[in-house]
Amino acid sequence: MSIPYGQTRTRVAARHALIAPDGHVKSVVPGMTGAATIVLINPTMGARFAQVVVTFEAGGSAVLPGNDVETAGYVETGGAILTVGGLKQKVAAGAFFYAPAGAAWSITAPKKGTRVTLFQKKFEPLAGVAAPEAIIGDAAKVPGQPFLGDPDARLQVLLPDGPAFDLAMNIFTYQPGATLPFVETHVMEHGLLMLAGQGVYRLEDSWYPVAAGDVIWMASYCPQWFVAMGKTPASYLYYKDVNRAAL
Ligand code: UGY
Ligand code: MN
């Protein structure tokens, strides 16, 4: 559907944002070559993390050094060679990875049009707990668990759920009509990419129709709720910060 001149569904508020694909503008980001890189969420917005989508041309690459930033990535479409620390694997759509702080990582030999979403934050070590290791995985092999007992709202937790990790990357899939069971209000932040389907997202006191391709930022304590609508399941990939002290 074309968007009338001068209009957009995008809204950037103080405590949440909806970024619709019609407003995307590329950035030049060190390490990304032969790729369109869009910084969708970052600290300039008020977030404590970054969400970036990279769409590769054939022959493009992402080559990132090890530093104090950790990266969780999800291959939405296409395929490529992923190298994360000492791991190297040819991957297809549905693959995900975790590059710990200090580990160099790369995406090379992408199929044309390969699209990867990255969540990045400064790693917060936990005293007495060994830092996480590099991971390459396949979302298709991660079972979806009923969320708070609802078999129509299933959660796939992609990364290990232990104290070593200070971020989580999950996929939530809802059958049409399924909802988040209540309006959540919590300290954890979210970055979210609608992967499929459509629905309505409540963010604070606004309700937004959303569909595949939309991105949402929810600040800490942003009241949030979702209902899947339409005739096909809705699913979204999302980030949250976890497992660290309140103060
Ligand atoms: O993990 C979560 O906080 C999740 N239930 N939030 C959300 O889907 N908006
Ligand atoms: Mn939540």
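Student: To start, in which loop does K112 lie?
Tutor: This is a predicted model. In it, K112 belongs to the loop between β9 (105–108) and β10 (115–122).

Student: Is K112 buried or exposed?
Tutor: K112 is exposed, because its relative accessible area is 71%, and the cut-off for exposed is over 50%.

Student: Let us step back. How many helices and strands are there in the protein?
Tutor: The protein has 20 strands and zero helices. Its radius of gyration is 17 Å, close to the 18 Å that the globule rule gives for 247 residues, so the protein is as compact as a globular protein of that length.

Student: What box do the C-alpha atoms fill, and what share of the residues is buried?
Tutor: Along the principal axes, the C-alpha atoms fill a box of roughly 45 × 45 × 35 Å. Of the 247 residues, 48% are buried.

Student: Now the metal. Which residues coordinate the manganese ion (ligand 2)?
Tutor: The manganese ion (ligand 2) is coordinated by E184 through OE, by H186 and H190 through NE2, and by Q224 through OE1, at 2.1 to 2.3 Å. The spacing of these donor residues in sequence is E-x1-H-x3-H-x33-Q.

Student: Where do H186 and Q224 lie?
Tutor: H186 is in the loop between β14 (167–174) and β15 (190–196), whereas Q224 is in strand β19 (residues 224–229), so the pair ties together parts that are 38 residues apart in sequence. Both H186 and Q224 are buried.

Student: Why is the arrangement around the manganese ion (ligand 2) octahedral?
Tutor: Six donor atoms surround the manganese ion (ligand 2), and the angles they subtend run from 77 to 174 degrees, which makes the arrangement octahedral.

Student: Q224 brings us to β19. In what order do the strands of its open sheet come?
Tutor: The order is β17-β16-β19, three strands with antiparallel pairing. The edges are taken by β17 (206–211) and β19, each with a single partner strand, so one side of each is left without a neighbour in the sheet. On average, neighbouring strands of this sheet are turned by 20 degrees against each other, direction ignored.

Student: How many bridges join β16 to β17?
Tutor: Strand β16 (residues 198–203) is joined to β17 by six bridges, and the two run antiparallel. Opposite G199 stands V210 in β17.

Student: What holds such strands together in general?
Tutor: Strands of a sheet pair through backbone hydrogen bonds, in a parallel or an antiparallel manner.

Student: Another topic: how many aromatic pairs does the structure hold?
Tutor: The structure holds 14 aromatic pairs. One of them is Y174 with Y236: the ring centres are 5.5 Å apart and the planes are at 40 degrees, so this pair is tilted. Y174 lies in strand β14 and Y236 in strand β20 (residues 234–241), so the pair ties together parts that are 62 residues apart in sequence.

Student: Which kind of aromatic pair do Y236 and Y238 form?
Tutor: Y236 and Y238 form an edge-to-face pair, with 5.8 Å centre to centre and 70 degrees between the planes. Y236 and Y238 are both buried, and Y174 is buried as well.

Student: Finally, which residues form the aromatic cluster with these tyrosines?
Tutor: One aromatic cluster is formed by F147, F172, Y174, Y201, F226, Y236 and Y238.

Definitions and conventions
Residues are numbered from 1 along each chain as its sequence is written. Chains are lettered from A and ligands numbered from 1 in the order in which they are written. This is a predicted model: local features need pLDDT of at least 70, side-chain atom pairs count only at pLDDT 80 or more; totals for chains, interfaces and linings use all residues. Side-chain values use heavy atoms; hydrogens and water are left out. Donors are N, O and S atoms within 2.8 Å of the metal (3.2 Å for Na, K and Ca); water is not among the atoms, so sites may look incomplete. Four donors count as tetrahedral if all angles lie between 85 and 135 degrees; four count as square planar and six as octahedral if opposite donors are over 155 degrees apart and all others between 65 and 115; anything else is irregular. Helices (H or I, at least four residues) and strands (E, at least two) are DSSP runs, numbered from the N terminus. Buried means under 20% relative accessible area, exposed over 50%, partly exposed in between (1.4 Å probe, protein chains only). Rings of Phe, Tyr and Trp (its six-membered ring) pair if their centres lie within 6.5 Å; planes under 30 degrees apart count as stacked, over 60 as edge-to-face and the rest as tilted. Two strands pair if DSSP finds at least two bridges between them. Axes are lines fitted to C-alpha atoms, for helices over the stretch in contact, and angles run from 0 to 180 degrees between N-to-C directions. The radius of gyration is taken over C-alpha atoms; the globule rule is 2.2 Å times the number of residues to the power 0.38.
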